[in-house]
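Please open the model in a viewer and follow the stops below in order. Each stop gives a selection and then describes what is found there.

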Amino acid sequence: MLTTTYGFACPSRGEARVRLSGFRRLEELPGPHHPAVFRVDFACGCGGDHPGLVTHDQLDLAPLGFEDDSTYLNLMTSRNDSVAVELAGLAASRIKAGEWPWSFYCWPEERPRPVFPSAFRLLTDAAGDRVVVAVLCPACSRVSVNLVSRAHVDVPFHNDREVGVVEHVFAGDARATIEAFRAELYSSSFDARRLALG
Ligand SMILES: [Zn+2]
Ligand SMILES: [Zn+2]
């Protein structure tokens, strides 16, 4: 099973290995970066939250084995490049077959959408080992908040059959979204939506 792990610096432990569900906030840095660079705040094993930087490719493609980045491979499996090639081939054939590594339910559009981790904006832990994730929809550019399993976020191609959806249209603006997100999270009910794509 593929599991997404990213390496960051921790001021007290030196190195932190973080799953996607340990991310707290993602923000694309302005400017002509190729590939784009994201600033991430993550929940560290030391108990603190720290900032880190990750490129668009590391964020979206490395978990699928598409990137021959040795740091990524060392952190993930300590295995060699040929494994990455195999994983990439496997991921490519599954995507061609209509499976998608990540998905979410877009509330403004009332439909499921395929997505990559770079569309995630905010994440937080919820009861029952579940995760609340705010996703900026690549199709309609609006933010939806879903309640999902941890594996739905951390394991590519693991998509929950049903997710919780907050029936609220959030502002696209990140700061306003964070405030609305927190308020909704602790007051709101999540409504179940089926997540079958295609
Ligand atoms: Zn730390
Ligand atoms: Zn949408």
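Is strand β8 (residues 120-126) largely enclosed by the rest of the structure or largely open, and why? Select β8: five of its seven residues are buried, so the strand is largely enclosed by the rest of the structure. Here buried means under 20% relative accessible area, exposed over 50%, and partly exposed in between (1.4 Å probe, protein chains only). Strands (E, at least two residues) and helices (H or I, at least four) are DSSP runs, numbered from the N terminus.

The model is predicted: local features need pLDDT of at least 70, side-chain atom pairs count only at pLDDT 80 or more, and totals for chains, interfaces and linings use all residues. Residues are numbered from 1 along each chain as its sequence is written, chains are lettered from A and ligands numbered from 1 in the order in which they are written, and side-chain values use heavy atoms, with hydrogens and water left out.

β8 and β9 run antiparallel and are joined by six bridges; strands pair if DSSP finds at least two bridges between them. F120 stands opposite V135 in β9. Three residues separate the two strands of this hairpin, and G128 in the turn has a positive phi of about 70°.

Next, select the zinc ion (ligand 2). Its donors are C106 (SG), E109 (OE), C137 (SG) and C140 (SG), at 2.0 to 2.4 Å. Donors are N, O and S atoms within 2.8 Å of the metal (3.2 Å for Na, K and Ca); water is not among the atoms, so sites may look incomplete. Angles of 103 to 121° make the arrangement tetrahedral, a term for four donors with all angles between 85 and 135 degrees. E109 lies in the loop between β6 (103-106) and β7 (111-114), and C140 in the loop between β9 (130-136) and β10 (143-149), so the pair ties together parts 31 residues apart in sequence. E109 is partly exposed at 25% relative accessible area, whereas C140 is buried at 19%.

Move to the zinc ion (ligand 1), coordinated by C10 (SG), C44 (SG), C46 (SG) and H50 (NE2) at 2.1 to 2.3 Å. This site is also tetrahedral, with angles of 102 to 118°. C44 is buried at 10% relative accessibility, and H50 is buried at 10%.

Finally, select R94 and F157. The charged end of R94 sits over the F157 ring, 4.3 Å from its centre; the criterion is NZ of Lys or CZ of Arg within 6 Å of the ring centre and within 35 degrees of the ring normal.

Methods. Four donors count as tetrahedral if all angles lie between 85 and 135 degrees; four count as square planar and six as octahedral if opposite donors are over 155 degrees apart and all others between 65 and 115; anything else is irregular.
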